[in-house]
Amino acid sequence: MNAIIYKEWIKTRRFVLLLGVLFAALITYIFLWSGQMMEASGAVIIWETIIGKDMRLVGYIKYLPPAAGILLAIVQFAPEMQSKRLKLTLHLPVNEGKMMCGMLGYGFTVLLALFSLSCAILMLGLSVRYAHEIVMANFWVSLPWFAGGLFTYLLGSWTCLEPVWKQRIFNAVTAACLVATLYTDQMSGAYATYLPYMLALLAVCFFFSLYSTARFKDGVQ
Amino acid sequence: MAIIQCENITHYYGNRLIYKNISFEVKRGKILGLLGKNGTGKTTIINILTGYLKPRSGVCRILGEEMEHLSPAAKSRIGLLLEGHIQHSYFNIEQIEKFYSQFFPNWKREAYYELLKKLQVAPTQKISTMSCGQRSQIALGLLFAQDPELLILDDFSMGLDPGYRRLFVEYLREYTTAENKTVFLTSHIIQDMELLIDDCIVMDYGRLLLHEPTARITKNFRRFRFQATATPPQTPVLWNTEKVGHTWETYSFAPAEEVRRELTSAGGEVSRFVEEKLSLEDAFIGLTGKY
(Lines give C-alpha, C1' and ligand atoms only; values in the text may rest on other atoms or scores of the structure.)
Protein backbone atom coordinates (compact mmCIF):
# COMPACT_ATOMS: atom_id res chain seq x y z
CA MET A 1 0.00 0.00 0.00
CA ASN A 2 2.93 2.32 0.74
CA ALA A 3 4.14 1.88 -2.83
CA ILE A 4 0.72 2.83 -4.21
CA ILE A 5 0.62 5.95 -2.03
CA TYR A 6 4.19 6.76 -3.11
CA LYS A 7 3.21 6.51 -6.79
CA GLU A 8 0.10 8.65 -6.38
CA TRP A 9 2.02 11.23 -4.36
CA ILE A 10 4.76 11.53 -7.02
CA LYS A 11 2.07 11.90 -9.68
CA THR A 12 -0.05 14.47 -7.88
CA ARG A 13 2.22 16.28 -5.40
CA ARG A 14 2.56 19.50 -7.39
CA PHE A 15 -1.18 19.69 -7.93
CA VAL A 16 -1.93 18.89 -4.28
CA LEU A 17 0.46 21.67 -3.18
CA LEU A 18 -1.21 24.03 -5.65
CA LEU A 19 -4.61 23.13 -4.19
CA GLY A 20 -3.26 23.86 -0.70
CA VAL A 21 -2.08 27.28 -1.84
CA LEU A 22 -5.41 28.04 -3.57
CA PHE A 23 -7.49 27.10 -0.54
CA ALA A 24 -5.17 29.07 1.77
CA ALA A 25 -5.41 32.12 -0.51
CA LEU A 26 -9.21 31.94 -0.72
CA ILE A 27 -9.65 31.45 3.02
CA THR A 28 -7.35 34.44 3.65
CA TYR A 29 -9.42 36.47 1.20
CA ILE A 30 -12.68 35.48 2.96
CA PHE A 31 -11.23 36.60 6.31
CA LEU A 32 -9.98 39.90 4.87
CA TRP A 33 -13.26 40.55 3.05
CA SER A 34 -15.49 39.75 6.05
CA GLY A 35 -13.22 41.81 8.32
CA GLN A 36 -13.26 44.76 5.95
CA MET A 37 -17.05 44.53 5.61
CA MET A 38 -17.41 44.63 9.36
CA GLU A 39 -15.11 47.66 9.54
CA ALA A 40 -16.90 49.49 6.72
CA SER A 41 -20.56 48.79 7.51
CA GLY A 42 -20.47 48.10 11.22
CA ALA A 43 -21.37 44.94 13.11
CA VAL A 44 -25.10 45.65 13.44
CA ILE A 45 -25.77 45.95 9.70
CA ILE A 46 -23.62 42.93 8.87
CA TRP A 47 -25.25 40.75 11.52
CA GLU A 48 -28.66 41.88 10.35
CA THR A 49 -27.85 41.07 6.74
CA ILE A 50 -26.45 37.67 7.65
CA ILE A 51 -29.42 36.68 9.77
CA GLY A 52 -32.19 38.47 7.88
CA LYS A 53 -31.09 37.90 4.31
CA ASP A 54 -29.21 34.63 4.84
CA MET A 55 -25.92 36.12 3.56
CA ARG A 56 -23.15 33.50 3.21
CA LEU A 57 -19.74 34.49 4.52
CA VAL A 58 -18.12 31.44 2.92
CA GLY A 59 -19.80 31.90 -0.49
CA TYR A 60 -16.54 32.52 -2.33
CA ILE A 61 -15.38 28.96 -1.66
CA LYS A 62 -18.50 27.39 -3.22
CA TYR A 63 -17.02 26.12 -6.51
CA LEU A 64 -13.44 25.46 -5.39
CA PRO A 65 -14.06 22.01 -3.82
CA PRO A 66 -15.82 20.56 -6.91
CA ALA A 67 -13.12 22.01 -9.16
CA ALA A 68 -10.45 20.50 -6.89
CA GLY A 69 -12.19 17.12 -6.95
CA ILE A 70 -12.54 16.88 -10.69
CA LEU A 71 -9.03 18.17 -11.38
CA LEU A 72 -7.46 15.74 -8.89
CA ALA A 73 -9.32 12.88 -10.60
CA ILE A 74 -7.91 14.02 -13.96
CA VAL A 75 -4.36 14.52 -12.62
CA GLN A 76 -4.47 11.09 -11.03
CA PHE A 77 -6.20 8.99 -13.66
CA ALA A 78 -5.64 10.67 -17.04
CA PRO A 79 -1.94 9.56 -17.08
CA GLU A 80 -3.12 6.01 -16.28
CA MET A 81 -5.49 5.97 -19.23
CA GLN A 82 -3.02 7.67 -21.59
CA SER A 83 -1.41 4.90 -23.69
CA LYS A 84 -3.32 2.45 -21.44
CA ARG A 85 -0.71 2.73 -18.68
CA LEU A 86 -3.27 1.32 -16.29
CA LYS A 87 -2.24 -2.09 -17.64
CA LEU A 88 1.15 -1.62 -15.96
CA THR A 89 -0.52 -0.71 -12.69
CA LEU A 90 -2.97 -3.62 -12.81
CA HIS A 91 -0.21 -6.03 -13.77
CA LEU A 92 1.59 -5.39 -10.45
CA PRO A 93 1.39 -8.35 -8.07
CA VAL A 94 -1.40 -6.93 -5.94
CA ASN A 95 -5.11 -7.72 -6.01
CA GLU A 96 -6.62 -5.41 -8.64
CA GLY A 97 -9.50 -4.28 -6.41
CA LYS A 98 -7.09 -3.47 -3.61
CA MET A 99 -4.88 -1.53 -6.04
CA MET A 100 -7.77 0.61 -7.30
CA CYS A 101 -9.16 1.14 -3.78
CA GLY A 102 -5.67 2.24 -2.74
CA MET A 103 -5.46 4.78 -5.57
CA LEU A 104 -8.97 6.11 -4.97
CA GLY A 105 -8.43 6.06 -1.22
CA TYR A 106 -5.34 8.24 -1.64
CA GLY A 107 -7.19 10.92 -3.61
CA PHE A 108 -10.24 10.77 -1.37
CA THR A 109 -8.10 11.10 1.77
CA VAL A 110 -6.12 14.02 0.33
CA LEU A 111 -9.33 15.90 -0.48
CA LEU A 112 -11.01 14.98 2.78
CA ALA A 113 -7.97 16.26 4.72
CA LEU A 114 -7.81 19.45 2.66
CA PHE A 115 -11.55 20.11 2.95
CA SER A 116 -11.67 19.31 6.67
CA LEU A 117 -8.71 21.57 7.38
CA SER A 118 -10.11 24.38 5.25
CA CYS A 119 -13.54 24.07 6.86
CA ALA A 120 -12.04 23.99 10.37
CA ILE A 121 -9.87 27.07 9.69
CA LEU A 122 -12.82 28.93 8.16
CA MET A 123 -15.12 28.20 11.08
CA LEU A 124 -12.46 28.98 13.69
CA GLY A 125 -11.61 32.23 11.93
CA LEU A 126 -15.25 33.28 11.63
CA SER A 127 -15.93 32.46 15.27
CA VAL A 128 -13.58 35.30 16.27
CA ARG A 129 -16.06 37.93 15.00
CA TYR A 130 -19.38 36.10 14.65
CA ALA A 131 -21.80 34.34 16.94
CA HIS A 132 -21.84 30.56 17.17
CA GLU A 133 -25.20 30.39 15.32
CA ILE A 134 -23.83 32.34 12.36
CA VAL A 135 -20.70 30.19 12.21
CA MET A 136 -22.77 27.00 12.34
CA ALA A 137 -25.12 28.31 9.62
CA ASN A 138 -22.09 28.88 7.40
CA PHE A 139 -20.81 25.41 8.27
CA TRP A 140 -24.07 23.78 7.19
CA VAL A 141 -24.21 25.81 4.02
CA SER A 142 -20.63 24.91 3.05
CA LEU A 143 -20.96 21.22 3.90
CA PRO A 144 -22.68 20.18 0.63
CA TRP A 145 -20.10 22.23 -1.31
CA PHE A 146 -17.25 20.32 0.28
CA ALA A 147 -19.15 17.05 -0.15
CA GLY A 148 -19.57 18.08 -3.79
CA GLY A 149 -15.76 18.06 -4.08
CA LEU A 150 -15.66 14.46 -2.91
CA PHE A 151 -18.45 13.57 -5.34
CA THR A 152 -16.70 15.24 -8.29
CA TYR A 153 -13.52 13.34 -7.39
CA LEU A 154 -15.22 9.94 -7.29
CA LEU A 155 -17.44 10.59 -10.30
CA GLY A 156 -14.55 12.20 -12.18
CA SER A 157 -12.44 9.09 -11.53
CA TRP A 158 -15.31 6.93 -12.74
CA THR A 159 -15.43 8.99 -15.94
CA CYS A 160 -11.64 9.05 -16.48
CA LEU A 161 -11.30 5.31 -15.97
CA GLU A 162 -14.11 4.48 -18.38
CA PRO A 163 -12.51 3.02 -21.54
CA VAL A 164 -15.27 3.90 -24.05
CA TRP A 165 -15.75 7.56 -25.08
CA LYS A 166 -19.54 7.33 -25.53
CA GLN A 167 -19.94 5.82 -22.09
CA ARG A 168 -17.49 8.41 -20.73
CA ILE A 169 -19.73 11.22 -21.97
CA PHE A 170 -22.73 9.52 -20.39
CA ASN A 171 -20.81 9.21 -17.11
CA ALA A 172 -19.78 12.88 -17.23
CA VAL A 173 -23.37 14.05 -17.85
CA THR A 174 -24.71 11.80 -15.07
CA ALA A 175 -22.00 13.10 -12.73
CA ALA A 176 -22.80 16.73 -13.59
CA CYS A 177 -26.52 16.22 -12.92
CA LEU A 178 -25.84 14.50 -9.60
CA VAL A 179 -23.35 17.11 -8.39
CA ALA A 180 -25.59 20.00 -9.51
CA THR A 181 -28.14 18.96 -6.87
CA LEU A 182 -25.61 19.99 -4.21
CA TYR A 183 -25.24 23.52 -5.56
CA THR A 184 -28.81 24.82 -5.67
CA ASP A 185 -29.27 28.07 -3.70
CA GLN A 186 -31.16 26.71 -0.73
CA MET A 187 -31.52 28.28 2.69
CA SER A 188 -28.70 27.57 5.13
CA GLY A 189 -29.12 24.10 6.61
CA ALA A 190 -31.53 22.98 3.88
CA TYR A 191 -29.27 20.01 3.11
CA ALA A 192 -29.06 18.85 6.73
CA THR A 193 -31.68 16.10 6.31
CA TYR A 194 -30.11 15.07 3.01
CA LEU A 195 -26.73 14.43 4.70
CA PRO A 196 -27.10 10.71 5.58
CA TYR A 197 -28.25 9.96 2.01
CA MET A 198 -25.31 12.00 0.70
CA LEU A 199 -22.88 9.87 2.72
CA ALA A 200 -24.52 6.65 1.51
CA LEU A 201 -24.31 7.92 -2.08
CA LEU A 202 -20.64 8.79 -1.62
CA ALA A 203 -19.95 5.23 -0.48
CA VAL A 204 -21.75 3.89 -3.58
CA CYS A 205 -19.85 6.28 -5.89
CA PHE A 206 -16.57 4.86 -4.58
CA PHE A 207 -17.37 1.59 -6.34
CA PHE A 208 -18.31 3.14 -9.70
CA SER A 209 -14.61 3.41 -10.60
CA LEU A 210 -14.14 -0.28 -9.91
CA TYR A 211 -16.83 -0.97 -12.51
CA SER A 212 -14.98 1.21 -15.07
CA THR A 213 -11.75 -0.63 -14.22
CA ALA A 214 -13.45 -3.98 -14.77
CA ARG A 215 -14.61 -2.75 -18.21
CA PHE A 216 -11.05 -1.63 -18.99
CA LYS A 217 -9.77 -5.03 -17.89
CA ASP A 218 -12.23 -6.83 -20.18
CA GLY A 219 -10.97 -4.72 -23.11
CA VAL A 220 -14.38 -3.15 -23.78
CA GLN A 221 -14.04 -0.83 -26.78
CA MET B 1 6.02 -28.10 -19.59
CA ALA B 2 3.95 -25.37 -21.28
CA ILE B 3 4.21 -21.92 -19.72
CA ILE B 4 1.53 -20.52 -22.03
CA GLN B 5 -1.43 -22.50 -23.32
CA CYS B 6 -4.13 -21.03 -25.52
CA GLU B 7 -7.07 -23.18 -26.56
CA ASN B 8 -9.61 -22.40 -29.25
CA ILE B 9 -9.41 -18.63 -28.99
CA THR B 10 -12.03 -16.86 -31.09
CA HIS B 11 -12.31 -13.11 -31.06
CA TYR B 12 -14.23 -10.44 -32.94
CA TYR B 13 -14.06 -6.63 -32.87
CA GLY B 14 -17.69 -5.84 -33.53
CA ASN B 15 -18.56 -8.08 -36.48
CA ARG B 16 -14.95 -8.29 -37.73
CA LEU B 17 -13.40 -11.69 -37.12
CA ILE B 18 -9.89 -11.46 -35.68
CA TYR B 19 -9.28 -15.18 -35.04
CA LYS B 20 -11.28 -18.35 -35.10
CA ASN B 21 -10.33 -21.26 -32.87
CA ILE B 22 -6.62 -20.64 -32.66
CA SER B 23 -4.60 -22.78 -30.27
CA PHE B 24 -0.92 -22.80 -29.40
CA GLU B 25 1.42 -23.31 -26.52
CA VAL B 26 4.84 -22.07 -25.48
CA LYS B 27 7.24 -24.40 -23.69
CA ARG B 28 9.42 -23.31 -20.79
CA GLY B 29 12.76 -21.84 -21.83
CA LYS B 30 11.65 -20.98 -25.37
CA ILE B 31 11.71 -17.58 -27.02
CA LEU B 32 8.66 -17.37 -29.22
CA GLY B 33 8.06 -14.60 -31.73
CA LEU B 34 4.61 -13.73 -32.97
CA LEU B 35 4.80 -12.47 -36.54
CA GLY B 36 2.00 -11.03 -38.57
CA LYS B 37 1.10 -8.15 -40.82
CA ASN B 38 -0.49 -5.04 -39.41
CA GLY B 39 -3.99 -5.76 -38.20
CA THR B 40 -3.64 -9.52 -37.85
CA GLY B 41 -4.09 -9.23 -34.10
CA LYS B 42 -0.64 -9.57 -32.55
CA THR B 43 -1.35 -7.03 -29.81
CA THR B 44 -4.80 -8.58 -29.41
CA ILE B 45 -3.16 -11.90 -28.54
CA ILE B 46 -0.90 -10.15 -25.99
CA ASN B 47 -3.94 -8.42 -24.50
CA ILE B 48 -5.83 -11.71 -24.25
CA LEU B 49 -2.80 -13.44 -22.74
CA THR B 50 -2.29 -10.80 -20.08
CA GLY B 51 -5.99 -10.66 -19.23
CA TYR B 52 -6.72 -7.23 -20.72
CA LEU B 53 -9.15 -8.48 -23.31
CA LYS B 54 -11.89 -11.04 -22.95
CA PRO B 55 -12.06 -13.21 -26.09
CA ARG B 56 -15.44 -14.21 -27.49
CA SER B 57 -14.56 -17.80 -26.61
CA GLY B 58 -11.62 -19.97 -25.63
CA VAL B 59 -9.18 -19.90 -22.79
CA CYS B 60 -5.52 -19.03 -22.22
CA ARG B 61 -3.50 -20.19 -19.25
CA ILE B 62 -0.25 -18.63 -18.14
CA LEU B 63 1.82 -20.52 -15.58
CA GLY B 64 -1.21 -22.76 -15.15
CA GLU B 65 -3.65 -19.94 -14.29
CA GLU B 66 -6.48 -18.63 -16.45
CA MET B 67 -5.60 -15.28 -17.97
CA GLU B 68 -8.61 -13.41 -16.60
CA HIS B 69 -7.88 -14.36 -13.02
CA LEU B 70 -4.12 -14.23 -12.68
CA SER B 71 -3.15 -14.28 -9.01
CA PRO B 72 -0.67 -11.69 -7.66
CA ALA B 73 1.83 -14.57 -7.25
CA ALA B 74 1.54 -15.44 -10.95
CA LYS B 75 1.78 -11.77 -11.98
CA SER B 76 5.03 -11.41 -10.05
CA ARG B 77 6.46 -14.18 -12.29
CA ILE B 78 5.46 -12.41 -15.51
CA GLY B 79 7.32 -9.38 -16.88
CA LEU B 80 5.24 -7.20 -19.19
CA LEU B 81 6.53 -4.70 -21.73
CA LEU B 82 3.87 -2.58 -23.40
CA GLU B 83 4.03 -1.40 -27.01
CA GLY B 84 6.23 1.72 -27.29
CA HIS B 85 8.04 1.01 -23.98
CA ILE B 86 5.29 2.79 -22.10
CA GLN B 87 6.18 3.47 -18.49
CA HIS B 88 4.95 5.62 -15.63
CA SER B 89 6.53 8.73 -17.11
CA TYR B 90 5.96 10.99 -14.07
CA PHE B 91 8.68 9.08 -12.21
CA ASN B 92 12.39 9.73 -12.55
CA ILE B 93 14.97 6.94 -12.85
CA GLU B 94 15.42 6.46 -9.11
CA GLN B 95 11.77 6.83 -8.22
CA ILE B 96 10.55 4.18 -10.65
CA GLU B 97 13.08 1.68 -9.32
CA LYS B 98 12.04 2.47 -5.74
CA PHE B 99 8.38 2.05 -6.70
CA TYR B 100 8.70 -1.32 -8.46
CA SER B 101 11.16 -2.76 -5.92
CA GLN B 102 8.44 -2.71 -3.25
CA PHE B 103 6.33 -5.24 -5.14
CA PHE B 104 8.93 -7.92 -5.82
CA PRO B 105 10.68 -9.72 -2.97
CA ASN B 106 13.54 -10.91 -5.21
CA TRP B 107 14.14 -7.50 -6.75
CA LYS B 108 17.65 -7.19 -8.27
CA ARG B 109 18.44 -3.52 -7.89
CA GLU B 110 21.96 -3.91 -9.26
CA ALA B 111 20.65 -5.42 -12.53
CA TYR B 112 18.65 -2.22 -13.15
CA TYR B 113 21.49 0.18 -12.36
CA GLU B 114 24.04 -1.94 -14.25
CA LEU B 115 22.02 -1.53 -17.44
CA LEU B 116 21.46 2.18 -16.87
CA LYS B 117 25.17 2.91 -16.40
CA LYS B 118 25.47 3.02 -20.18
CA LEU B 119 22.79 5.70 -20.52
CA GLN B 120 23.97 9.27 -20.36
CA VAL B 121 21.24 10.29 -17.94
CA ALA B 122 21.12 11.63 -14.39
CA PRO B 123 19.35 9.47 -11.77
CA THR B 124 16.90 12.30 -11.22
CA GLN B 125 15.97 12.64 -14.89
CA LYS B 126 12.26 12.23 -15.49
CA ILE B 127 11.19 9.41 -17.78
CA SER B 128 8.89 11.76 -19.68
CA THR B 129 11.95 13.71 -20.89
CA MET B 130 13.72 10.62 -22.26
CA SER B 131 13.91 9.36 -25.81
CA CYS B 132 12.15 6.13 -26.75
CA GLY B 133 15.56 4.41 -26.87
CA GLN B 134 16.39 5.49 -23.34
CA ARG B 135 12.94 4.43 -22.15
CA SER B 136 13.53 1.01 -23.70
CA GLN B 137 16.59 0.60 -21.50
CA ILE B 138 14.61 1.65 -18.43
CA ALA B 139 11.92 -0.88 -19.29
CA LEU B 140 14.49 -3.62 -19.88
CA GLY B 141 16.34 -2.73 -16.66
CA LEU B 142 13.09 -3.00 -14.69
CA LEU B 143 12.35 -6.38 -16.28
CA PHE B 144 15.84 -7.67 -15.43
CA ALA B 145 15.49 -6.43 -11.85
CA GLN B 146 12.08 -8.11 -11.53
CA ASP B 147 13.69 -11.30 -12.82
CA PRO B 148 10.43 -12.92 -14.03
CA GLU B 149 10.13 -16.46 -15.39
CA LEU B 150 8.13 -15.29 -18.38
CA LEU B 151 8.59 -12.08 -20.35
CA ILE B 152 5.81 -10.80 -22.59
CA LEU B 153 7.08 -8.07 -24.89
CA ASP B 154 4.68 -6.25 -27.19
CA ASP B 155 6.40 -4.77 -30.25
CA PHE B 156 9.68 -4.17 -28.46
CA SER B 157 11.31 -2.56 -31.50
CA MET B 158 8.66 0.13 -31.92
CA GLY B 159 10.23 3.60 -31.96
CA LEU B 160 13.81 2.36 -31.53
CA ASP B 161 16.66 3.31 -33.84
CA PRO B 162 18.87 0.44 -35.16
CA GLY B 163 21.47 0.93 -32.39
CA TYR B 164 18.98 0.70 -29.54
CA ARG B 165 17.18 -2.17 -31.26
CA ARG B 166 20.39 -4.15 -31.49
CA LEU B 167 21.29 -3.26 -27.90
CA PHE B 168 17.88 -4.40 -26.70
CA VAL B 169 18.08 -7.67 -28.62
CA GLU B 170 21.62 -8.45 -27.43
CA TYR B 171 20.86 -7.81 -23.77
CA LEU B 172 17.65 -9.77 -23.98
CA ARG B 173 19.30 -12.69 -25.75
CA GLU B 174 22.11 -12.84 -23.19
CA TYR B 175 19.72 -12.60 -20.26
CA THR B 176 17.18 -15.14 -21.45
CA THR B 177 19.79 -17.69 -22.49
CA ALA B 178 21.73 -17.43 -19.22
CA GLU B 179 18.65 -17.56 -17.01
CA ASN B 180 16.53 -20.06 -18.99
CA LYS B 181 13.66 -17.61 -19.33
CA THR B 182 10.59 -18.00 -21.48
CA VAL B 183 9.80 -15.08 -23.77
CA PHE B 184 6.72 -14.32 -25.83
CA LEU B 185 7.26 -11.32 -28.07
CA THR B 186 6.03 -9.43 -31.08
CA SER B 187 7.89 -7.02 -33.31
CA HIS B 188 7.24 -5.55 -36.70
CA ILE B 189 10.96 -5.64 -37.50
CA ILE B 190 11.65 -9.23 -38.36
CA GLN B 191 15.46 -8.96 -38.72
CA ASP B 192 15.57 -8.37 -34.95
CA MET B 193 13.45 -11.43 -34.29
CA GLU B 194 15.77 -13.62 -36.34
CA LEU B 195 18.59 -12.95 -33.87
CA LEU B 196 16.41 -13.80 -30.94
CA ILE B 197 13.63 -16.30 -31.35
CA ASP B 198 13.64 -20.09 -31.17
CA ASP B 199 10.11 -20.60 -32.45
CA CYS B 200 7.76 -18.45 -34.39
CA ILE B 201 4.04 -18.20 -34.91
CA VAL B 202 2.97 -16.56 -38.13
CA MET B 203 -0.48 -15.00 -38.04
CA ASP B 204 -2.68 -14.34 -41.02
CA TYR B 205 -6.01 -12.53 -41.00
CA GLY B 206 -8.32 -14.65 -38.86
CA ARG B 207 -6.02 -17.61 -38.37
CA LEU B 208 -2.70 -18.99 -37.27
CA LEU B 209 -0.73 -19.76 -40.40
CA LEU B 210 2.27 -21.54 -38.98
CA HIS B 211 3.91 -22.46 -35.68
CA GLU B 212 7.39 -23.82 -36.29
CA PRO B 213 10.96 -23.57 -34.97
CA THR B 214 12.66 -20.60 -36.62
CA ALA B 215 15.59 -22.79 -37.69
CA ARG B 216 13.23 -25.07 -39.62
CA ILE B 217 11.77 -22.12 -41.50
CA THR B 218 15.09 -20.51 -42.41
CA LYS B 219 16.62 -23.89 -43.31
CA ASN B 220 13.81 -25.40 -45.37
CA PHE B 221 11.64 -22.59 -46.66
CA ARG B 222 12.91 -21.42 -50.05
CA ARG B 223 12.02 -18.99 -52.80
CA PHE B 224 11.99 -20.30 -56.36
CA ARG B 225 12.20 -17.97 -59.34
CA PHE B 226 11.40 -19.29 -62.78
CA GLN B 227 9.86 -18.56 -66.13
CA ALA B 228 6.84 -20.56 -67.22
CA THR B 229 4.87 -21.03 -70.38
CA ALA B 230 1.61 -21.44 -68.43
CA THR B 231 0.25 -20.10 -65.18
CA PRO B 232 1.58 -22.37 -62.39
CA PRO B 233 -1.01 -24.46 -60.52
CA GLN B 234 -2.18 -23.59 -56.99
CA THR B 235 -1.17 -26.49 -54.75
CA PRO B 236 -0.68 -26.85 -50.98
CA VAL B 237 3.06 -27.26 -51.56
CA LEU B 238 3.46 -23.83 -53.18
CA TRP B 239 3.00 -20.61 -51.19
CA ASN B 240 2.08 -17.23 -52.69
CA THR B 241 2.96 -17.88 -56.31
CA GLU B 242 2.96 -14.63 -58.28
CA LYS B 243 4.40 -13.05 -61.40
CA VAL B 244 6.92 -10.24 -60.91
CA GLY B 245 7.67 -8.68 -64.32
CA HIS B 246 8.48 -11.56 -66.66
CA THR B 247 9.53 -13.89 -63.90
CA TRP B 248 7.40 -16.01 -61.61
CA GLU B 249 8.22 -16.60 -57.99
CA THR B 250 6.89 -19.07 -55.47
CA TYR B 251 7.83 -20.25 -51.99
CA SER B 252 7.90 -23.75 -50.58
CA PHE B 253 9.13 -26.03 -47.80
CA ALA B 254 9.50 -28.79 -50.37
CA PRO B 255 12.83 -29.64 -52.05
CA ALA B 256 13.58 -28.10 -55.45
CA GLU B 257 12.78 -31.28 -57.41
CA GLU B 258 9.35 -31.60 -55.88
CA VAL B 259 8.62 -27.91 -56.53
CA ARG B 260 9.64 -28.28 -60.16
CA ARG B 261 7.40 -31.34 -60.43
CA GLU B 262 4.46 -29.42 -58.94
CA LEU B 263 5.01 -26.50 -61.31
CA THR B 264 4.94 -28.69 -64.38
CA SER B 265 2.08 -30.88 -63.17
CA ALA B 266 -0.45 -28.74 -65.02
CA GLY B 267 1.37 -29.26 -68.31
CA GLY B 268 3.37 -26.04 -68.79
CA GLU B 269 7.15 -25.81 -69.14
CA VAL B 270 9.48 -24.22 -66.61
CA SER B 271 12.83 -22.60 -67.37
CA ARG B 272 15.51 -20.54 -65.57
CA PHE B 273 14.51 -22.30 -62.34
CA VAL B 274 16.51 -20.82 -59.43
CA GLU B 275 16.33 -21.76 -55.74
CA GLU B 276 17.13 -19.06 -53.13
CA LYS B 277 17.80 -19.26 -49.39
CA LEU B 278 15.77 -16.82 -47.32
CA SER B 279 16.15 -14.62 -44.30
CA LEU B 280 13.29 -14.80 -41.79
CA GLU B 281 11.90 -11.56 -43.20
CA ASP B 282 11.83 -12.96 -46.74
CA ALA B 283 10.32 -16.18 -45.43
CA PHE B 284 7.62 -14.13 -43.69
CA ILE B 285 6.80 -12.39 -46.97
CA GLY B 286 6.72 -15.79 -48.68
CA LEU B 287 4.32 -17.15 -46.10
CA THR B 288 1.96 -14.20 -45.85
CA GLY B 289 2.29 -12.52 -49.25
CA LYS B 290 3.27 -8.95 -49.97
CA TYR B 291 -0.16 -7.41 -49.66
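Predicted model: local features only at pLDDT ≥ 70, side-chain atom pairs only at ≥ 80, totals over all residues.
## Two domains in chain B

Chain B is divided into domain 1, covering residues 2-211, and domain 2, covering residues 221-288, and the centres of these two domains, taken over C-alpha atoms, are separated by 36 Å. In the contact between them, domain 1 of chain B takes part with 13 residues and domain 2 of chain B with eight residues.

The area buried between domain 1 and domain 2 of chain B is about 950 Å², with 77% of that area given by carbon and sulfur atoms. Zero salt bridges are found across this interface between the domains of chain B, although two residue pairs in polar contact are found there, counting pairs with both residues at pLDDT 80 or more. On the side of domain 1 of chain B that touches domain 2, the elements giving two or more residues are β3 (31-36), α7 (190-194), β9 (199-204) and β10 (207-213) of chain B, and α7(B) gives the most, with four residues. By class, the residues on this side of domain 1 of chain B are nine nonpolar, two polar and two charged.

## The interface between chains B and A

Between the two chains, 27 residues of chain B are in contact with 30 residues of chain A, and chain B and chain A bury about 2,800 Å² between them, 64% of it on carbon and sulfur atoms. Of the area that chain B buries against chain A, 27% is supplied by B:Y52, B:K75 and B:Y90, which is more than any other three residues supply.

One of these residues, B:K75, also takes part in a salt bridge with A:E96, in which the side chains meet at 2.7 Å, N to O. The count of salt bridges between chain B and chain A is one, while the count of residue pairs in polar contact between these chains is 12, with both residues at pLDDT 80 or more. The elements α2 (72-75), β6 (78-81) and α3 (93-101) of chain B each supply at least two residues of the side that touches chain A, and the largest share of that side, four residues, comes from α3(B). The side of chain B that touches chain A has 14 nonpolar, eight polar and five charged residues.

## The disulfide

Over all chains the structure holds one disulfide, formed by B:C6 and B:C60, whose sulfur atoms are 2.2 Å apart. The pair links distant parts of the chain, with B:C6 in strand β1 (residues 2-13) of chain B and B:C60 in strand β4 (residues 57-62) of chain B, 54 residues apart. The torsion about the S-S bond of B:C6 and B:C60 is about 105°, and the disulfide is therefore right-handed.

## Salt bridges in the whole structure

Side chains of opposite charge can pair when their charged atoms come close. A search of the whole structure finds 22 salt bridges over all chains, including one between A:E80 and A:K7, in which the closest N and O atoms are 2.5 Å apart. Because A:E80 lies in helix α3 (residues 64-81) of chain A and A:K7 in helix α1 (residues 2-41) of chain A, this pair ties together parts that are 73 residues apart in sequence.

Conventions: Residues numbered from 1 in each chain as written. Chains lettered and ligands numbered in written order. Heavy atoms only, no water. Domains from an automatic or database assignment. Contact = heavy atoms within 4.5 Å. Buried area = accessible area lost by both parts, 1.4 Å probe. Salt bridge = Lys/Arg side-chain N within 4 Å of Asp/Glu carboxyl O. Polar contact = N/O pair within 3.5 Å; in protein donor to acceptor, adjacent residues only side chain to side chain. Nonpolar A, V, L, I, M, F, W, Y, C, P; charged D, E, K, R; others polar. Disulfide = S-S within 2.5 Å.
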